[in-house]
Amino acid sequence: MNKGKKLGEFKTTSYCRFCKSKNIHKFIVLGNQPLAGGFLKKGDFKNEKFYPLGLYFCRNCYLIQTTVVVNKDKLFKSYFYKTSAIKTLLSHFKKNATLLSKFFKKPQENFVLEIGCNDGNFLNEMSKRKFKVLGIDPAENIIKPLIAKKLPIINNYFSKKEAKEILKINGKAGLIVSTNTLAHIENMHDVFNGINLLLDDEGFLYFENHYLGNLLKETQYDMIYHEHLYYYSLLSLSNFLKKHSLEIFNIRKIPIHGGSIGLFVQKKKGPFKISKRVKDTIAWEKRHKLDSLKTFEMFSKQVEKKKKELLDLLSSLRKKNKTIVGYGASGRGTVISNYAGLDNKLLDYVVDDSKIKQGFYTPGTHLKIVPSTLNNKNRPDYTLLFAWSFYKEIKNRNKKYKKNGGKFITPLPKVRII
Ligand SMILES: [Zn+2]
């Protein structure tokens with residue numbers, strides 16, 4: 001797999017970025033991988049770069065992290081992931097806005113900052129509910145339409161320096177929100193210094209991220225990619241937040257992206273009582289030994305097993321001359337494809353409903369991304385769901401495909417035909 005692969009530029013650390021301990025241990029290696037969101041034009045194949053991918057466990061604070069950090073402009077300046085392209089996410093943001101606005105009696109007196117606002121769905125919802133809003137996001141291509149819509153937006157990364165500027169103009173924030181971005185930022189201490197500076201003493205931070213508990217339970221190795229520098233448990237996060245005089249006062253489990261967690265964080269001695277749910281989840285994590293290297297070494301063995309099962313299934317279908325396509329040109333798809341080696345020998349092409357990806361090729365495996373062919377006459381026999389966590393939505397959209405005899409394959413949490 002690594003033949004002819006050009007390594008890109010990256011930096012590594014030899015310690016835990018959260019607690020500075022050198023007591024970190026590698027437990028999984030996924031080889032040299034392209035950037036998960038690095039979709040290509042046909043002429044770009046020979047310039048494609050690869051980067052080592054693996055995870056480390058910190059024995060001191062229990063953080064899971066990648067040590068390789070790719071230049072962040074390569075990752076985020078031009079971003080292919082548009083949340084408005086996914087229906088499930090749109091309704092999710094609306095629900096979040098309803099839930100979070102309930103904390104505030106006078107919305108118009110509160111300013112809401114969203115870190116990594118993507119194409120602005122959540123901020124729009126909050127703006128409708130009379131909050132003053134501000135978004136910050138580094139992806140130029142995604143936020144352009146927001147500027148046109150006159151949503152207040154800063155095109156940059158969030159940092160303590162930016163926080164100082166925001167504070168001068170907007171004052172303190174009653175609510176700071178971040179959805180699936182706080183695992184992507186190398187210098188989390190700087191980000192949290194900024195959050196601390198901006199957050200009102202009576203306010204709170206709400207952020208969502210993929211949850212390590214789900215990653216383990218469902219062997220979700222497809223969540224491991226260069227953009228995701230950290231994989232959070234409550235155990236590791238609590239240790240980190242303590243350093244910033246912050247505490248988690250509530251959590252919610254969210255059945256999105258294969259299992260996320262929403263965290264409510266306040267300043268120490270803030271206005272909210274700590275929910276029993278927080279203590280219960282920490283107890284669950286201790287019971288399941290999320291503080292032990294051995295747990296993650298076992299995870300690594302499971303990953304190898306799932307990969308083998310998937311390869312065996314696809315190879316046997318190919319031997320019967322079946323057509324197989326991938327569904328969802330996602331970061332998850334990139335990881336599975338490159339780790340398992342799903343190239344044109346096993347898959348014909350990849351379909352994706354998002355127009356901005358169509359016409360591009362998948363990173364590393366160079367399969368063409370096309371609009372869905374599932375309802376065409378020459379529909380594929382099998383469709384491998386890279387976007388398996390959106391299975392319900394995909395199934396509802398493709399009832400005809402199943403009726404006509406088409407079959408779906410999930411790579412995770414179980415390799416199976418459905
Ligand atoms: Zn650590």
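I take a residue as buried if 20 or more other C-beta atoms lie within 10 Å of its own, as exposed if 12 or fewer do, and as partly exposed in between, with C-beta atoms placed from the backbone. The model is predicted: local features need pLDDT of at least 70, side-chain atom pairs count only at pLDDT 80 or more, and totals for chains, interfaces and linings use all residues. Residues are numbered from 1 along each chain as its sequence is written.

I looked up Ser245 and found a positive phi near 55 degrees. Ser245 sits in the loop between helix H8 (234-243) and strand E13 (246-254); helices (H or I, at least four residues) and strands (E, at least two) are DSSP runs, numbered from the N terminus. Ser245 counts as exposed because it has 12 C-beta neighbours inside 10 Å.

I then turned to Lys20, whose phi is also positive, near 70 degrees. I located Lys20 in the loop between strand E2 (10-12) and E3. Lys20 has 12 C-beta neighbours inside 10 Å, and therefore counts as exposed.

**Entry: helix H11**

I checked the cover of helix H11 (residues 331-340) and noted that 10 of its 10 residues are buried. Among them are Arg332, Asn338 and Tyr339. The buried residues of H11 pack against strand E3 (24-33), helix H10 (293-319), strand E15 (324-327) and strand E16 (350-351), where contact requires C-beta atoms, placed from the backbone, within 7 Å. Just after H11, I recorded a positive phi of about 75 degrees at Gly341.

**Entry: cis peptide**

I found a cis peptide bond between Leu412 and Pro413, with omega about -15 degrees. Pro413 lies in the loop between strand E19 (407-410) and strand E20 (416-417).

Technical notes. Contact = placed C-beta atoms within 7 Å.
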